[in-house]
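Please keep the sequence and the structure at hand while reading.

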2 protein chains.
Amino acid sequence: MSHALFDTHKKTLDDARAAIKSRDFWSPYAEIPSGKIYGETAKKDGLAAFEARRNKRFDIDQPSAGGTVGGECSPYGFALNITYPACDLDGIITAAQGAMPGWRDADIEVRTGVCLEILHRLNKRSFEIAAAVMHTTGQGFMMAFQAGGPHAQDRGLEAVTYAYEEMTRHPREATWTKRVSKTDSITITKKYRIVPRGIAAVVGCSTFPTWNSYPGLFASLVTGNAVIVKPHPGAVLPLAITVEIARSVLAENGFDANLVTLSADSGDAPITKELVCRPEIGIVDYTGSSEFGEWVEDNARQAVVFTEKAGVNATIVDSLDDLKAFSGNLAFSLSLYSGQMCTAPQNVFIPKSGVDVGGEHKSFDEVAGAIVKAVDWLHSDASRAVEILGAIQSDATLKRIGAAAGDGEVLRQSESVAHAQFPEARVRTPLIVKVDADRQDVFMREMFGPITYIIPTESTDHALALTIAAAQRHGAISCGLYAVDAPKRDKALDALTASGIPVSANFCGPIYVNQNAAFSDFHVTGANPAGNATFCDAAFVAPRFRIVESRIPA
Amino acid sequence: MSHALFDTHKKTLDDARAAIKSRDFWSPYAEIPSGKIYGETAKKDGLAAFEARRNKRFDIDQPSAGGTVGGECSPYGFALNITYPACDLDGIITAAQGAMPGWRDADIEVRTGVCLEILHRLNKRSFEIAAAVMHTTGQGFMMAFQAGGPHAQDRGLEAVTYAYEEMTRHPREATWTKRVSKTDSITITKKYRIVPRGIAAVVGCSTFPTWNSYPGLFASLVTGNAVIVKPHPGAVLPLAITVEIARSVLAENGFDANLVTLSADSGDAPITKELVCRPEIGIVDYTGSSEFGEWVEDNARQAVVFTEKAGVNATIVDSLDDLKAFSGNLAFSLSLYSGQMCTAPQNVFIPKSGVDVGGEHKSFDEVAGAIVKAVDWLHSDASRAVEILGAIQSDATLKRIGAAAGDGEVLRQSESVAHAQFPEARVRTPLIVKVDADRQDVFMREMFGPITYIIPTESTDHALALTIAAAQRHGAISCGLYAVDAPKRDKALDALTASGIPVSANFCGPIYVNQNAAFSDFHVTGANPAGNATFCDAAFVAPRFRIVESRIPA
């Protein structure tokens, strides 16, 4: 078997293996959408490729019963008018089963090389994928490029890297010799075969269709499984392009393209429940709402299930060095993609007695006021605002903003921002509401979108207790902590991390609690209800295959 | 924190780390019950210690509501008359929760050192544990010593080794530096904390109480979890001694002994269902029947569940080099501990048209007859027979032998064997029944105990199809394959391993399909319904803890 692709990408793999050990910054995929890196016409070509997809059928040469689905609307205010083959579940499952043996029996290096090549091709298509992500999720262009392109590819590569390490952790063949008497010994030749678990289903979400799907997709594929990609009906295109690229690379290398198929459905006739519970499905990766994620965990009993759901994320203010640096950083975290990140802060806990800021006492109102002012400033320039905010992905989020304004004392109203290029874009600035600490019915639930609750607390311990209680009940994917005094900070860090909550302390400047870097940050801890898995560790990859042994006397 | 115990046992750990990579034979715990190794009085002392346990309360200084349970009877024909503290579930769960923080926060090296010391102490007590295993499970002395003592300790050490590798795979702290402009970079210090999943419940079985429980016990303990050990009511003593030793070592090293507790119950008032479903339980390790194991998998939804259940194991005869070598090997595998091993063969598939034996044709009846004869010979000497057979652990197995005699044409009746030392011992030789291949209702179910079905088949492909079908429906933990022609053998090996069935090919002489060596053989593949986990791989240890990150700007 040719290991040519493995050899081509070996340096990338070796560097990735080093990166997951050092956990320093590293990426092979440039995050700057620059013509110098991606080619001078790359942006134009990518946009043209996106436009060429519109108002058409997106054909995929996979088993089909003939129907089509598709109703994506850009949050920037236009319909995509793309149709996809409607999912023929029996057909693609049968095809996936048929495709697996050849892939399963390929060398680990062959599968790894093919997956690395798919990632490389995805990288070259980053601008097209960015446009597809932008006009399905509502992300601003820069985020759509970075999170939808190179950062998603990083997460895919990270999963391939962990899986490669796991598959090669044991020798493929070993000799076992045991002395059984003074003169005799017995020798057995043992082979350890990697056997994939079964067909994998990857259920994508509407806000990060590639970033959240690539880890499961690549972890399952490289370990020998076929993968059925089930996009959210509102964000099909980025994953359809991904499937198309994966199928091309597989076919070019002599494998059955049906190792990766698209299973598109519509909101009216959803198929996820049927898909994830099919007996042929051995692995499910799910990203989405907690409610549906819990349904998947409870019902897809035949499969190993990895979930990334939602959380109620907190920012705890104990003390500050610099009010402006803090409020500016937080304002950006609240605003980035209109709070439609699973890592976005929701509840900001501030002591009602005020906060020590660089030795000076600031009242609760002064600190809350500074946050409001920082958000105001950030969105005072509409062209800057729309880039940061992006657009609101769903009607449900839009309605949620309206409803949340009744939850307490509105410190800052959410407002529309006009988008120069897309006048119909639904752009909203953050809503900031002051809510009493005894209104747990209000703030101890996930309010996805640009909704921030500022909650006066008795003390930092009070804030910690509320944060931990919310995480234990509803999950937490991030937590911001601001405490100047190192022992106090470390005590709080200790309490939070012991409770399974990942913490970012004293983030000011251009680093944000919402951001998690592949090869360094574990995304979702798996230690609270926000998800049962992390991107990426051995627990995320090792159960996707089994080792089956054969023994023969030597 | 003192790493003294880690340093003491570091060479053992280093050697174990090398062994799981080379997968050659290795063990630090001598399997020969020799006075030269274990001390000249070790055997006598161990037996005396066992006798001293009898007719008494087995006190454990753990939370108790005051009651006692205990009704173990030796399969060799006497009651143990030992009582244990009845499980006070609320009490031990609360105590386990209270015990965890100090253990969780100890260095990885401290926890690892303590676990290695527990294993070392268990090893020194191997004779006492052997007696306890023998007189609860019915194993012959040699097996009780080896499988109950050093081999079980090997499996515990293997789990500690995998868990240590997994916990130290990532650095505990890292520096992440990213260039953000031509002149500026940002640097973040990251800490990665190991957070245990929660209290672990280890549910033991009646036949291999230590061998099957140590992997889960040690994997959970070393990763920072408290462990509640739930023995089978028929085999409490080996695990009670284990718990006692673990508690001593923990306490001696300044940890709360309630990190390891015993939860004994009775057949009349079982507590396993309640225990494994308690919300405080984060991990369940289960060994036992498929039916109850499936109940645990389906119901202990709050926990990560590892199961080792049962299978329908086959021996497939295609062709042979030497009939006597084959039949002698198989006779021993069928007889060892009266087939009460989860790895024991049950269904022997022989072509109805006969078998090529070293170029000579032997009829079905000749091959079946050779197996019967080999079993007869093995048990023609009662003193040898009782050592190999041990005694029948449960009444249910005894009844099963009787019932199975009606399943087809009896080729060999099961018979009692008189035990010179224990006249009341229930010792039975294997029952061998010829069953038609269309009687899947008979042989496609697990018949635990000394029951063998010999099934005439159309061809080797027919035997493979039946074996794979049985494994896919009911699981398989071992499979013997006899095929002289290498290409034919490899084709069969390929078909079987692709179906998740581990295979031992052409075993003759003193190596048996039933035996799986730690550090080399993966026990239970996890790729068929016989269990969802294996001893031992990363998937067995990695989900027992989570990595929770904290980030601070440098």
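In chain A, helix α9 (residues 150-167) packs against helix α10 (residues 214-222) at an angle of about 35 degrees, and their axes are 8 Å apart. Axes here are lines fitted to C-alpha atoms, for helices over the stretch in contact, with angles running from 0 to 180 degrees between N-to-C directions; helices (H or I, at least four residues) and strands (E, at least two) are DSSP runs numbered from the N terminus. The crossing of α9(A) past α10(A) is right-handed, a term used when the near helix is turned clockwise from the far one by less than a right angle, anticlockwise being left-handed. On the α9(A) side the contact residues include A:Ala152, A:Gly156, A:Ala159 and A:Ala163, and on the α10(A) side they include A:Pro215, A:Leu217, A:Phe218 and A:Val222, where contact requires C-beta atoms, placed from the backbone, to lie within 7 Å. By class, this contact of α9(A) with α10(A) holds eleven nonpolar, two polar and two charged residues; Ala, Val, Leu, Ile, Met, Phe, Trp, Tyr, Cys and Pro count as nonpolar, Asp, Glu, Lys and Arg as charged, and the others, Gly among them, as polar.

The model is predicted: local features need pLDDT of at least 70 and side-chain atom pairs count only at pLDDT 80 or more, whereas totals for chains, interfaces and linings use all residues. Residues are numbered from 1 along each chain as its sequence is written, while chains are lettered from A and ligands numbered from 1 in the order in which they are written.

Helix α2 (residues 10-22) of chain A also packs on α9(A), at an angle of about 85 degrees and with the axes 10 Å apart. The two helices, α2(A) and α9(A), are therefore roughly perpendicular, the class for angles of 65 to 115 degrees, with those under 35 counted as roughly parallel, those over 145 as roughly antiparallel and the rest as oblique. A:Leu13, A:Ala16, A:Arg17 and A:Ile20 of α2(A) make this contact with residues of α9(A), among them A:Leu157, A:Thr161 and A:Tyr162. Six nonpolar, one polar and three charged residues make up the contact of α2(A) with α9(A).

## The two chains

Chain A is superposed on chain B by a rotation of 180 degrees with 0.0 Å of shift along its axis (RMSD 0.0 Å), using least squares on the C-alpha atoms of residues with pLDDT of at least 70 in both copies. The two copies are thus related as by a two-fold rotation axis. Within chain A, the residue that comes closest to the rotation axis is A:Ala539, at 3.0 Å (C-alpha).

Between the chains, 54 residues of chain A are in contact with 54 residues of chain B. The side of chain A that touches chain B draws the most from β23(A), which gives eight residues, and this side divides into 26 nonpolar, 14 polar and 14 charged residues.

## Strand pairing

Strand pairing, which needs at least two DSSP bridges between two strands, also crosses between the chains: β22(A) and strand β23 (residues 545-553) of chain B run parallel and are joined by two bridges.

In chain A, an open sheet of three strands has the order β1-β5-β2, with mixed pairing.

How values were computed: Two residues are in contact if their C-beta atoms, placed from the backbone, lie within 7 Å.
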